[in-house]
Amino acid sequence: MSVTLVLMTGLLATSLIKLMDVDRGFTTERTITATVDLPSESYRDYQASRGVYREVLERMDRLPGVEHAAITSVLPLTGGGWGDMARIAGDNRPFTQLPMESFRWVSPGIFSAIHLRLTRGKTFIQGDWGKNLALVSERTAKTLWPGKDPIGQQFSRGIPPPRSHLLSWAL
């Protein structure tokens, strides 16, 4: 029993060491994160909180030694975020039959801040603040538009919103 326990511990330790070397698709070296929670009583709408986040980013960019500054609602691989159904134009399936996708918001610069490689399309730029744009994973693109080029396609979250609220995106 003792020999088995020692062998299993060794195998587990070896697996954990190998897991630390797996390419996550982004880097965390020389990266500092912080949580910023704005009080909902003072920042009830998106416009008010967006202004604060932009100001925080501008101040961080001016700090000596800062190479990249960005904000995201959920850090990669930390879980959380929110899930919602995704609907493409012309999809009339009931809400419960739509694919469930994970959503998070990010500021321009997040991809360069964590050195996240983009497969296709383009990342957000400073002029994109406040626009209804989205970047989707390859898995989501294959789910929503199987066999089609996803670049320039549109989708909405959940129940169909007014046409002016459709989200366009680049992969």
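Mentor: The chain has 4 helices and 5 strands. This is a predicted model, where local features need pLDDT of at least 70, side-chain atom pairs count only at pLDDT 80 or more, and totals for chains, interfaces and linings use all residues. Residues are numbered from 1 along each chain as its sequence is written, and side-chain values use heavy atoms, with hydrogens and water left out.

Trainee: What makes a stretch a helix or a strand?

Mentor: Both are DSSP runs, numbered from the N terminus: helices are H or I, at least four residues, and strands are E, at least two. Along the sequence the pattern reads α-α-β-β-α-β-α-β-β.

Trainee: Why is Glu101 called buried?

Mentor: Buried means under 20% relative accessible area, exposed over 50%, and partly exposed in between, with a 1.4 Å probe and protein chains only. Glu101 has 4% relative accessibility, so Glu101 counts as buried. Across the 171 residues of the chain, 25% count as buried.

Trainee: Which residues of strand S2 are on its covered face?

Mentor: Strand S2 covers residues 100-103, and Glu101 and Phe103 form its covered face. Met100 and Ser102 form the uncovered one. In a regular strand, side chains alternate between the two faces of the sheet.

Trainee: How do you know that S1 and S2 pair?

Mentor: Two strands pair if DSSP finds at least two bridges between them. Strand S1 (residues 82-88) and S2 have 4 bridges, in the antiparallel sense. In one of them, Gly83 has Ser102 of S2 as its partner.

Trainee: What makes Glu101 and Arg139 a salt bridge?

Mentor: A salt bridge needs a side-chain nitrogen of Lys or Arg within 4 Å of a carboxyl oxygen of Asp or Glu. For Glu101 and Arg139, the closest N and O atoms are 3.2 Å apart. Glu101 sits in strand S2 and Arg139 in helix H4 (residues 138-144), so the pair ties together parts 38 residues apart in sequence. Arg139 has a relative accessible area of 52%, so Arg139 is exposed.

Trainee: How many salt bridges does the whole structure hold?

Mentor: The search finds 5. Another one joins Asp84 and Arg157, with the closest N and O atoms 3.4 Å apart. This pair links distant parts of the chain: Asp84 is in strand S1, Arg157 is in strand S4 (residues 154-157), and they are 73 residues apart.

Trainee: What about Asp91 and Arg93?

Mentor: Their side chains also meet in a salt bridge, at 2.8 Å from N to O. Asp91 is buried because its relative accessible area is 14%. Arg93 is partly exposed because its relative accessibility is 36%.

Trainee: What makes a group of residues a nonpolar core?

Mentor: The members are buried Ala, Val, Leu, Ile, Met, Phe, Trp, Tyr and Cys residues joined through side-chain atoms within 4.5 Å. The largest core here has 8 residues: Ala86, Phe103, Ala134, Val136, Ala141, Leu144, Trp145 and Phe155. A second, separate core has 5 residues, including Tyr53, Leu57, Ala69 and Trp129.

Trainee: Which residues does Leu38 touch?

Mentor: Contact means heavy atoms within 4.5 Å. Not counting residues up to four places away in sequence, Leu38 touches Tyr43, Ser49, Val52 and Tyr53. Leu38 lies in the loop between helix H1 (2-20) and helix H2 (46-62). The C-alpha atoms of Leu38 and Tyr53 are separated by 9.5 Å, and the two are 15 residues apart along the chain. At 23% relative accessibility, Leu38 counts as partly exposed.

Trainee: Why is Ile32 called exposed?

Mentor: Ile32 has 82% relative accessibility, so Ile32 counts as exposed. Ile32 is also found in the loop between H1 and H2.

Trainee: Where is Leu16, and why is Leu16 called partly exposed?

Mentor: Leu16 is found in helix H1. Its relative accessibility is 47%, so Leu16 counts as partly exposed.
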